Structure formats: C-alpha cells, structure tokens
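Let's take a friendly walk through this structure together. Take a moment to look at it before reading on.

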Amino acid sequence: MRNVKLGELSVSALGLGCMSMSQAYGPPDAQESERTLHRALDIGVTFLDTANAYGVGHNEELIGRVLSSRRDEFVLATKFGIVKHPDGKRGIDGRPEFVAERCEESLRRLNTDVIDLYYLHRLDPNVPIEETVGAMGRLVEAGKVRHLGLSEISSKTLRKAHAVHPITAVQSEYSLWTRDPESHVLPTCRELGIGFVPFSPLGRAMLTGAITNDDSLSKDDLRANMPRFMGENFTRNYAVVQKFLKFAERKGASGAQISLAWLLAQGDGIAPIPGTKHVNFLEEDMAGVDVELNDKDLKFLDELFAIDNIVGHRYPAALQQSIDSD
Ligand SMILES: NC(=O)c1ccc[n+]([C@@H]2O[C@H](COP(=O)([O-])OP(=O)(O)OC[C@H]3O[C@@H](n4cnc5c(N)ncnc54)[C@H](OP(=O)(O)O)[C@@H]3O)[C@@H](O)[C@H]2O)c1
C-alpha cells in the first residue's frame, strides 16, 4: 500500500477504522476482529483509528491486547473528549485539567507508551479550543503523543487551534454522500498544510449496497436513528446508491472500492479510514487504493451525488448539535 502524508506524518493511503469492532453497527465479533487487525498489518494497512469512547474503552483494549507485539508496525490514532455519564447520557469534555489523565488511560488500554496521533473527538462548547489544544500540546512536549488532531471541527476553530500548536490532521465525515468539508474545512487544511482523514467513507455501509432496506437495521444499530437511513429518506437515497452500484459494476469494482478511490482522487494529504470487523470486507476495501477514476468518472459521480439528491441529516438532532460547523 502506498503512503500519504498528513502534515509531517506518513500513513498508509487507506487506514482501518476500528469502531465497529466494539459498537455501532451490529454485534461485535472478537475473533473475527482480531483476525482483521492482524490481516490489516499483513497487507500493508498501517494506520489504525480508534477512540476512548468506542465501546467505552473496549476498542482501545482490543488493539492493545491484539497488536502490542506489533506496535512498531503501525501508526496509532485515538481520540478523547466524548464521555458517557453514569446515567448513560453522552457528554463532551475538553477541559484542559483532565486531558493528561484521559491520555494516560488510553496509553494503558492501548498497551503502549506513545500515541502517534491524538485527536479531540468533539469541540467542548464550554472550553476555548486554545485551552484544550494547549493541554494536548503539553502531551507532545512530554513525549506521550506525537501529533495532534481535531475531529468534526469548523475552519474557524481549526485556525485558532493551529495557532496554539501545529495540527497534523482533521478527521471529519466525508464521502460521496457527505460533502460538508468541501466548503470550508478542506480548503483550510490545504492552506495550512494539515492532512484530512475522512471518516465513514463508505457512508456507514450505505455506499457498499449492503443495506437494502431501512427495516433491516436493528434498534440498537446507530444507523436506525440516523435521518438518512429512515423511511422515505432511505428510499430516495437508496435509488441514488443503486445507480452508483451500476456505475461501479461497469468499472469492474465494488461500491466500497469506488467510494475510497473517489476520496483518494480529491487530492493529496487525504487518508480515508473505512471501518470493518471482517477480513473479507477489509481485503475488498483496501483494493480500492488501486482503482483509478478518470475525469469523466469523477464528473459522473459529482452529478449523481449532487447535494440535493441526498436527503436527510447525517445525525439525529441531539448529535448534530455537537458538531462545530462553519
Ligand atoms: N471522528 C468521529 O466522530 C468518527 C465517527 C464515526 C466513525 N469514525 C471512524 O471512522 C471509521 C470508519 O467509519 P464508519 O465505520 O462509521 O463507517 P464506514 O467506514 O463508512 O462503514 C462501515 C460499515 O461498512 C461495513 N463495510 C465495510 N466494508 C464493507 C464492504 N466491503 N461491503 C459491505 N459492507 C462493508 C462495515 O461492516 P462491518 O463492521 O460489519 O464489517 C460497517 O458496517 C470508524 O471505524 C471510526 O474509526 C470516526
């Protein structure tokens, strides 16, 4: 697998998102997840993405347990800032006095002495970004963390943060059906020499064609409450996806592969992190790095996924509120 640069950090052009090994899309499968983690490294996927929030520590522990003997083979990215309160409610905590503690907990679970890329998962609306990033910068000085990142951040916040400590990467949702970063954040990353890591690059599986019916999602599946996956919205979005899958077939590739090739074609400094807990999906997805799209293909895809062809917010209202958007 070729590498790309996120700022000064070199990572495999496609990384592996580990979230679904612990939560979100169907029941976890420990054995298959372990096989997937090893297989990723074996085929040259050397950029792994996790967060302390995924499975409330479970995901970091999994990586720490399974890959500690191979720690020097991959770039490890994790995040802090999303918390689960004792009553089960979700909160955001970017208070500077707790950043070092969160980092120590992650290091312990990950079974490592350094995190390569440490992200703030969401902006804490009650804490100036300068203060949170100031505390993160002190982790770099202490050698606990190598690079800093921010997730779902506006371009304005990014500029403020970057003035306090160099930011290596922004991680936000970006895919054929989610184009929000194109207006402000992506141009700002390019201007400042900051890398971009698209999360949910497969549209949470929608772009693979694996979800054919909104009724098929179980109640505890995160997507069951996402407006794009519900009722009439799903039907309209699925009609676009069906045309997309026909295009993929004509190109001799899968929907997942075209989705990833399209992201890689958006410019330098972009490293998508498709998520899976299955070896067969991993192998299929990572072959997307070799799929080439010409100008005609890119034009076709832009027109097919024109902004008003996709309907419904990406998050339910309560979660959408926690996004720091431009
Ligand atoms: N910063 C943030 O706020 C944030 C938010 C969300 C995600 N993320 C990160 O981004 C990563 C990727 O995003 P994501 O997992 O939300 O969405 P995604 O990568 O767009 O899609 C993942 C889903 O697609 C399925 N899948 C993968 N390859 C497939 C294939 N070839 N055919 C059929 N289905 C396939 C997976 O199934 P299985 O899981 O069953 O294998 C999973 O359900 C996460 O793992 C996480 O690390 C970050």
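We can begin with a pair of helices: helix 2 and helix 3 are oblique to each other. Keep in mind as you look that this is a predicted model. Helix 2 covers residues 58–67 and helix 3 covers residues 99–110, and the two pack at an angle of about 45°.

Which residues in helix 2 and helix 3 meet? On the helix 2 side they are Glu60, Glu61, Ile63 and Gly64, and their partners in helix 3 are Ser106, Arg109 and Leu110. Sorted by class, this contact of helix 2 with helix 3 is made of three charged, two polar and two nonpolar residues.

Now turn to another pair, helix 1 (residues 30–42) and helix 9, which pack at an angle of about 30° with their axes 9 Å apart. That angle makes helix 1 roughly parallel to helix 9. Here Glu32, Arg35, Thr36, Arg39 and Ala40 of helix 1 meet Val279, Leu282 and Glu283 of helix 9. By class, the contact between helix 1 and helix 9 has four charged residues, three nonpolar and one polar.

Helix 9 also leads us to the ligand. This helix, residues 279–286, gives the most to the shell around the ligand, with three residues. In total, 32 residues surround the ligand, and the closest are Ser20, Tyr25, Asp49, Leu202 and Thr276. The shell is made up of 13 nonpolar, eleven polar and eight charged residues.

In the side chain of Ser200, an N or O atom is 2.8 Å from an oxygen atom of the ligand. For Gly203, a backbone N or O atom lies 3.3 Å from a ligand oxygen atom. A nitrogen atom of the ligand is 2.7 Å from an N or O atom in the side chain of Asp285. Taken alone, the ligand exposes 900 Å², and the protein buries 95% of that.

Our last stop is Ala205, in the loop between strand 11 (195–199) and helix 7 (231–251). Leaving aside neighbours within four places in sequence, Ala205 is in contact with Ala210, Ile211 and Arg223. Lys296 is 91 residues from Ala205 along the chain, and their C-alpha atoms are separated by 25 Å.

Terms used:
Residues numbered from 1 in each chain as written. Predicted model: local features only at pLDDT ≥ 70, side-chain atom pairs only at ≥ 80, totals over all residues. Heavy atoms only, no water. Near = heavy atom within 4 Å. Polar contact = N/O pair within 3.5 Å; in protein donor to acceptor, adjacent residues only side chain to side chain. Areas by Shrake-Rupley, 256 points an atom, 1.4 Å probe, with all protein chains shown as cover. Helix = DSSP H or I, 4+ residues; strand = E, 2+ residues; numbered from the N terminus. Nonpolar A, V, L, I, M, F, W, Y, C, P; charged D, E, K, R; others polar. Axes fitted to C-alpha atoms, helices over the stretch in contact; angles between N-to-C directions. Parallel < 35°, antiparallel > 145°, perpendicular 65-115°, else oblique. Contact = heavy atoms within 4.5 Å.
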